[in-house]
Amino acid sequence: MLYSRSEAVKQLFIISFLLVSIASKGQMYYDVGVTLGSAYYVGDLQQRHFYLDDMRLSGGASFRINFDPRWAWRQSIRIGSVRADDANATTDFKRIRNLNFYTPIYEFTSTVEFNFLDFDPWKKEDIFTPYLYVGLGGFYMNPQTELDGNTYVLKDHKTEGTDYSNYQFSLPFGAGMKLKLSPRIFMELDWGLRRTFTDYIDDVSGYYPTNPSNLDPVTIDLSDRSIDQQGSDGTNWGTQRGNPVNNDWFVFTGISLIINLNVDPNRCYFGQDN
């Protein structure tokens, strides 16, 4: 059974309800944060992680409900961009294919976090903890490329004869490290993968169109930019352009500054000046 968008939304509401129910039974604290990091993609044009030439800056913000020293629920916004170029490929097929792209990524995620160690802001012994997170997300993409000095939105040209949406769902998951600088200020490092349900972040998935006579000249040039023709008839039309089996991924890494919005609930204020 395919994982539909409606099922993803239903699961998000179920998770939200369960977390709010848990929160009502325990003592919570809240924090907000800002993030600066990098973004990169893994797909038909690039399979390498941490390939420096294709990594781009990213930023974001978050709001988190911490239910107890181990569990938390986080809402995050991340903004970045990803790119790749067949000129940097490690295989002859890709270098000859000669495609490239870049796209902005605007993402919202709702994730559940688990701390491996207790992380209570008001306990001196709770200094750091590694953590894992998993959840649901949605993002906006708009793959583009440059040709002869002009920028083209690839979705508008249906370079493989198919259409796709700019808005997609993802399954974000990853790991990180939290470090307490003070009861009110934390620092975090994280690395998070996004499993998507689209193969068109890079506008490359399956095959070249079988009938180029139905395409306008610009679409023909955008679809087939090959250095050499590989098909048995002396052209690429109808031949493999990408890998339709695997969907695309993207990754956000970052360092975050977190501000605890609450004061120590166990602190005694009796006899102190306001």
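## Strand pairing

Strand 4 and strand 5 (residues 128–141) form an antiparallel pair over eleven bridges, and within it Thr 109 sits opposite Gly 137 of strand 5. Strand 4 (residues 100–115) also pairs with strand 3 (residues 71–85), again in the antiparallel sense, over 15 bridges. Here Ala 72 has Glu 113 of strand 4 as its bridge partner. Two strands count as paired if DSSP finds at least two bridges between them; strands are DSSP runs (E, at least two residues), numbered from the N terminus.

Please keep in mind that this is a predicted model, where local features need pLDDT of at least 70, side-chain atom pairs count only at pLDDT 80 or more, and totals for chains, interfaces and linings use all residues. Residues are numbered from 1 along each chain as its sequence is written, and side-chain values use heavy atoms, leaving out hydrogens and water.

## A buried glutamate

Now for Glu 188, which lies in strand 9 (residues 185–196). Glu 188 counts as buried because its relative accessibility is 1%, the cut-off being under 20% relative accessible area (1.4 Å probe, protein chains only). Its side chain makes a polar contact of 2.5 Å with that of Arg 64. Such a contact is a pair of N or O atoms within 3.5 Å; within protein, one must be able to donate a hydrogen and the other to accept it, and residues adjacent in sequence count only if both atoms are side-chain atoms.

Definitions and conventions:
Helix = DSSP H or I, 4+ residues; strand = E, 2+ residues; numbered from the N terminus. Buried < 20%, exposed > 50% of the residue type's maximum accessible area, 1.4 Å probe, protein only.
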